[in-house]
Amino acid sequence: MPKLISELLPVIEHTVVIYLFLMIALRVAGRHQIGQLSVIDLVVLILLGSAVETAMVNGDTSLAAGLVCSATLLLLNRLAAWIVHRIAPLNREINGDPITLVNQGRFVEENLRRVGLTHEDILQALRARGIADVSEAKYAIMEVNGSITVIPRHAKVHRSSRTPKETT
């Protein structure tokens, strides 16, 4: 049994390193809701899984290595969620803040570039909410989960203590 543990320890180590790397890399790459992923985004995610699989299991394709790798990923994900939930600055760093994409009927170009969205992406989100033109929107805000909240021009807005970033 100790030999099995010593053989599987590199699987745990590699899985932890790759998990942390991907968490950082995907955060830097931007945020999208799963429904907003382009074909290119989806292909990259699939290829990432394939690209890191062998490294995570340290070349060991046994059932034990696969199970240890899977268990490590699940535990890391649970631990990361627990830590991020309890440490507000870390939560903000990992998940980000809401970002204003449309302000008073006008696109906020800098923020659109920052999140990698086009005018057409925003217009599509507006149309999905029954708004035909950007001038009819008071705000369109990308939430931390990647969804886009649209507030029509005629709607009353109640400010909270945590308002979305207009520019950065």
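Mentor: Thr118 counts as partly exposed in this predicted model, because its relative accessibility is 42%, and partly exposed covers the range between under 20% for buried and over 50% for exposed. Thr118 sits in the loop that links α5 (109-115) and α6 (119-128). Phe107 is eleven residues from Thr118 in sequence, and their C-alpha atoms are 9.7 Å apart in space.

Another partly exposed residue is Met23, with a relative accessible area of 34%. Met23 belongs to helix α1. Together with Ile24, Val28, Ile87, Leu90 and Ile94, Met23 makes a nonpolar surface patch of about 510 Å². Two elements, α1 (2-29) and α4 (88-95), each give two or more residues to this patch. The most comes from α1, which gives three residues.

Residues 137-142 form β3, which is mostly covered, with six of its six residues buried. On one side of the pairing, β3 is joined to strand β1 (residues 99-103) by four bridges, and the two run antiparallel. Within that pair, Met142 of β3 is the bridge partner of Ile99. Strand β4 (residues 148-152) also runs antiparallel to β3, and five bridges join them. Here Ile141 has Thr149 in β4 as its bridge partner. Five residues lie between the strands in the hairpin of β3 and β4, where Gly146 takes a positive phi near 95 degrees.

Note on methods:
Residues are numbered from 1 along each chain as its sequence is written. This is a predicted model: local features need pLDDT of at least 70, side-chain atom pairs count only at pLDDT 80 or more; totals for chains, interfaces and linings use all residues. Side-chain values use heavy atoms; hydrogens and water are left out. Patches are made of residues with over 30% relative accessible area and no salt bridge: like charges are joined within 9 Å, nonpolar side chains (Val, Leu, Ile, Met, Phe, Trp, Tyr) within 5 Å. Accessible areas come from the Shrake-Rupley method with a 1.4 Å probe; for residues, only the protein chains shown count as cover. A salt bridge is a side-chain nitrogen of Lys or Arg within 4 Å of a carboxyl oxygen of Asp or Glu. Buried means under 20% relative accessible area, exposed over 50%, partly exposed in between (1.4 Å probe, protein chains only). Two strands pair if DSSP finds at least two bridges between them.
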